[in-house]
Amino acid sequence: MLTACHKDEDDIFTYADIVLNAGAGMTIEQIQGTARITNLNSKEVTTTSDFDVATIRLSLVRSSYSVDAEGLVRYHDAPNKSYTKHMRAHSDYIDLSATGYNQTTIDILFLE
């Protein structure tokens, strides 16, 4: 007697890295702020203040999202010369639908 077992398992969650980019020649040292990641289908909002330097790492439902981040960024563009400025970052649409892992980059807008 042969028995076959088939399991359809479609992972609904994915790991995502959302990287905030300061631009060419600038190295981010730290971001202190808040990011709101909104699922465009369900309108569920995930809020985090947990930045790994310039990266937001999350586990989310695979979907499309919008992102808003704001706060303070400390960066340098030359050795021994650091700056702190207010910043915002926004994207109307990011695709985080791949199974397993997704990465996307959003540019920072300096407010000062």
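Which residue in strand 5 does Asp-52 stand opposite?

Tutor: In this predicted model, the residue that Asp-52 faces in strand 5 is Thr-55. The two strands concerned, strand 4 and strand 5 (residues 55-61), are paired in the antiparallel sense, and 2 bridges join them. They belong to an open sheet of 8 strands with mixed pairing, in which the order runs 3-2-6-7-8-1-5-4. Strand 4 (51-52) and strand 3 (45-48) stand at the edges of that sheet, and because each has a single partner strand, one side of each is left without a neighbour in the sheet.

Phe-13 counts as partly exposed because its relative accessibility is 46%, and together with Ile-12 and Val-61 it makes a nonpolar surface patch of about 270 Å². Val-61 in turn lies within the residue range of strand 5 (residues 55-61).

A contrasting setting is found in strand 7 (residues 81-96), where Ser-91 has its place. With a relative accessibility of 14%, Ser-91 counts as buried, since the cut-off for that class is under 20%. Its side chain reaches the backbone oxygen of Tyr-93 at 3.1 Å, and, when residues up to four places away in sequence are not counted, Ser-91 touches Ser-66, Val-67 and Ile-106.

Conventions: Residues numbered from 1 in each chain as written. Predicted model: local features only at pLDDT ≥ 70, side-chain atom pairs only at ≥ 80, totals over all residues. Heavy atoms only, no water. Patch = residues over 30% accessible without salt bridge, like charges linked within 9 Å, V, L, I, M, F, W, Y side chains within 5 Å. Areas by Shrake-Rupley, 256 points an atom, 1.4 Å probe, with all protein chains shown as cover. Salt bridge = Lys/Arg side-chain N within 4 Å of Asp/Glu carboxyl O. Buried < 20%, exposed > 50% of the residue type's maximum accessible area, 1.4 Å probe, protein only. Pairing = 2+ DSSP bridges. Helix = DSSP H or I, 4+ residues; strand = E, 2+ residues; numbered from the N terminus. Polar contact = N/O pair within 3.5 Å; in protein donor to acceptor, adjacent residues only side chain to side chain. Contact = heavy atoms within 4.5 Å.
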